[in-house]
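Please view the sequence and the structure together before reading on.

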Amino acid sequence: MTQPQQTDRDQLAFQQHRTLLFSVAYRVLGTAADAEDVVQDAWLKWSGADRSQVADPKAYLTRIITNLAMERLRSARHRRETYVGPWLPEPILTGPDTADCIAAADSVSMALLVVLESLSPLERAVFVLKEVFAFSHAEIAEAVDRSEAAVRQAAHRAREHVQARRPRFTADRARQRDVTERFFAATAGGDINTLMELLSPDVTLWTDGGGKVRQALKPVVGQQTVAHWFAMLGKAAYQGIEPGQMGAELTWINGGPGVVFRGPDRVVATLTFDFDPEGRISTLHSVANPDKLGAVTDGIRRELL
């Protein structure tokens, strides 16, 4: 086989697995920008490797992307610990296909990504590979360069940790969409009563401005407080944008229904929802840090596995 033909085959192999690589990296890192960076770094490592010795490109590339993502996550930990206010993942636009797959939608939800932030880099990587992508313990051990016993322990710790902090309910996607639409309409109309009806009694609003824009530095808790917060959105200027200049649209964000707020010249914030067993809104995540809105601003809907 000539060198150009081999190069074409190697490029094709990488492209075939690119969606998987981004899907792994984003769940491990929680930011689209970092995920794209490590996918590019993975391409450079793949290009420079002796690929004639690679029997399984998928396994090889998964090992590369997992280790690159863990390395980047370790270096990001200090910055996140000194972050101003709550640190939330970087939202991404997704499509109905992701939303229709309950397991995929849940695994990329803001709520789960927040829980994954409290795991160690190794535990997070092991959880993603095992619980989301169904890799075996042996395959993960090879990918993260640990013993199979160590991987089993990390998987057990991670799974228990996530289950304790992220109870899973049967997802009624139509109900979630309906509640989101009603919430959207009630917010636009300042309808306190409807907002109260749609919110769980102990609802919590998390806001991420990163010190770049004004946001609550602590979670806003309680049905009445959160309802008043959103009822005021249509009555006061926000980030220098008057209510009449602010646009909002319902869309798919991180595998579920969400809202994108836009000013005349920029994306201002995103809002995503988590729901309780009765279908009421239990948690809201609002990301307004402009550094985290690039993936939404570019308008690209991410295909995720």
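Does S200 count as buried or exposed? With a relative accessibility of 4%, S200 counts as buried, where buried means under 20% relative accessible area, exposed over 50% and partly exposed in between (1.4 Å probe, protein chains only). The model is a predicted one, in which local features need pLDDT of at least 70 and side-chain atom pairs count only at pLDDT 80 or more, while totals for chains, interfaces and linings use all residues. Residues are numbered from 1 along each chain as its sequence is written, and side-chain values use heavy atoms, with hydrogens and water left out.

- Helices (H or I, at least four residues) and strands (E, at least two) are DSSP runs, numbered from the N terminus.
- Strand β7 spans residues 281-287 and is mostly covered, since 7 of its 7 residues are buried.
- Strands β2 (residues 199-208) and β7 run parallel and are joined by 6 bridges; two strands pair if DSSP finds at least two bridges between them.
- L199 has I281 in β7 as its bridge partner.
- On β6, the pairing with β7 is antiparallel and also comprises 6 bridges, and T272 stands opposite H285 in β7.
- A hairpin is formed by β6 and β7, with 5 residues between them; in the turn, G279 has a positive phi of about 85°.

- S200 belongs to strand β2.
- Not counting residues up to four places away in sequence, S200 touches Q223, D276, R280, I281 and S282; contact means heavy atoms within 4.5 Å.
- S286 lies in strand β7 and is buried, its relative accessible area being 11%.
- Beyond residues up to four places away in sequence, S286 touches several residues, among them L88, L205, W206, Q215 and A269.
- Between the C-alpha atoms of S286 and V179, which are 107 residues apart along the chain, the separation is 17 Å.

**Residue S107**

- Helix α6 (residues 102-107) contains S107, and S107 is buried at a relative accessible area of 6%.
- The side chains of S107 and R27 are joined by a polar contact of 3.0 Å. A polar contact is a pair of N or O atoms within 3.5 Å; within protein, one must be able to donate a hydrogen and the other to accept it, and residues adjacent in sequence count only if both atoms are side-chain atoms.
- Apart from neighbours within four places in sequence, the contacts of S107 are R27, L112, L113 and V132.

**Residue M246**

- M246 is located in the loop between α13 and β4, and M246 is partly exposed, with a relative accessible area of 24%.
- Neighbours within four places in sequence aside, M246 is in contact with Y238, I241, F261, R262, G263 and V268.
- A distance of 8.8 Å separates the C-alpha atoms of M246 and V268, which lie 22 residues apart along the chain.
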